[in-house]
Amino acid sequence: MELIILTGLSGSGKSTGLKTLEDLGFFTMDNIPFRFAGVILKDLKNSTKDNGVKRIALGLDIRTIINENDFNTFFNEIDNLNIDYKIIFLEASTQSILNRYNLTRRKHPLTKETLLQSIEDEIFLMEDIKDKANLIIDTSFLSAKELSRKIELAVASFSKNILLNIHLQSFGFKHGVPIDADMIFDVRTLPNPYYLEELREKTGLNDEVYDYVMSFETSRILYDKILDLITFLIPGYIKDEKRHLTIGIGCSGGKHRSVSFVRKLEKDLKNISEVNIFSIHRENERGNW
């Protein structure tokens with residue numbers, strides 16, 4: 001049985017995440033109290049051959065906790081069932097969650113004197129489960145499509161016995177720096193294909209642009225230094241038991257130079273057996289191309 005527990009702060013995108021997991025073929029359950037969730041999982045595991053349910057996604061949030069003992073009891077139960085599970089924790093900045101609740105006019109599950117107090121109390125109460133998470137996604141500046149893409153990549157990485165999952169992301173500085181990146185490299189000093197009319201409307205996924213970007217000695221030197229640093233750090237991250245590493249490569253618009261570098265990094269890093277490589281081009285996902 002494959003189990004993914006999707007949890008996090010109210011207003012951080014759990015509904016979108018569960019819908020994505022459902023589209024990926026997971027049997028999804030939401031808002032089941034901790035004390036009942038363990039019983040249901042036990043029954044599903046014992047009858048897996050009969051009911052055909054092999055992939056389960058369980059949505060848990062502050063509404064499912066009846067008392068402080070429920071958290072530990074639930075995880076003890078699934079550990080005793082020998083169920084291999086992964087936890088994805090969704091969060092967002094306090095201001096982002098405030099804005100979302102003010103926009104939708106929905107009521108926060110924690111009924112405090114103010115919305116701000118409810119959000120701050122929930123952050124404190126969810127700390128324990130956040131500490132257990134295999135992956136934490138900050139959705140403050142993510143669209144629903146971007147969140148779905150990150151969850152799809154996470155599920156793919158969970159299904160493989162890989163020590164470190166490296167997420168390569170091209171982006172444009174003029175559209176903002178990705179807040180979830182562990183490392184960011186700036187390639188704006190390289191010659192820009194944007195100023196060549198025949199390349200302007202193309203992207204780094206086109207060979208003409210890629211070949212142009214990588215044709216310069218400065219590009220090759222910069223690339224070699226970035227690759228050397230990443231490969232040097234990988235054993236340290238694995239030793240430290242880090243499971244996900246997000247690397248951002250940025251240029252001005254996120255269309256030419258950064259995409260070319262991500263394209264080459266994806267090819268070269270795939271030769272390392274201990275890692276799994278995923279790439280995403282943020283500005284394409286956002287429709288900025």
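13 residues of domain 1 are in contact with 13 residues of domain 2. Contact here means heavy atoms within 4.5 Å. The model is predicted: local features need pLDDT of at least 70, side-chain atom pairs count only at pLDDT 80 or more, and totals for chains, interfaces and linings use all residues. Residues are numbered from 1 along each chain as its sequence is written, and side-chain values use heavy atoms, with hydrogens and water left out.

**The two domains**

Domain 1 covers 2-159, and domain 2 covers 164-286. These bounds come from an automatic or database domain assignment. The domain centres, taken over C-alpha atoms, are 31 Å apart.

How much area do domain 1 and domain 2 bury between them? The value is about 1,200 Å², with 58% of it on carbon and sulfur atoms. Buried area is the accessible area (1.4 Å probe) that two parts lose on being put together, summed over both. The size of an interface is often given in this way, as the accessible area lost when the parts come together. Of the area that domain 1 buries against domain 2, Glu 146, Leu 153 and Ser 157 supply 39%, more than any other three residues.

**Links across the interface**

The rule finds 2 salt bridges across the interface of domain 1 and domain 2. A salt bridge is a side-chain nitrogen of Lys or Arg within 4 Å of a carboxyl oxygen of Asp or Glu. Arg 286 forms a salt bridge with Glu 146. Their closest N and O atoms are 2.5 Å apart.

Which elements give two or more residues to the side of domain 1 that touches domain 2? They are strand S5 (135-138) and helix H8 (144-158). H8 gives the most, with 8 residues. Helices (H or I, at least four residues) and strands (E, at least two) are DSSP runs, numbered from the N terminus. By class, this side of domain 1 has 5 nonpolar, 3 polar and 5 charged residues. Ala, Val, Leu, Ile, Met, Phe, Trp, Tyr, Cys and Pro count as nonpolar; Asp, Glu, Lys and Arg count as charged; the others, Gly among them, count as polar.

**The whole protein**

The protein has 13 helices and 9 strands. Its C-alpha atoms fill a box of roughly 60 × 45 × 35 Å, taken along the principal axes. Buried residues make up 46% of the 289 residues. Buried means under 20% relative accessible area, exposed over 50%, and partly exposed in between (1.4 Å probe, protein chains only). Take the contacts with a separation of 6 or more: residues 24 or more positions apart account for 79% of them.

Ser 148 is found in helix H8. Is Ser 148 buried or exposed? Ser 148 counts as buried because its relative accessibility is 16%. Leaving aside neighbours within four places in sequence, Ser 148 is in contact with Thr 16 and Thr 20.

Most residues other than glycine have a negative phi. Asn 31 has a positive phi although it is not a glycine. Asn 82 has a positive phi too, and it is not a glycine.
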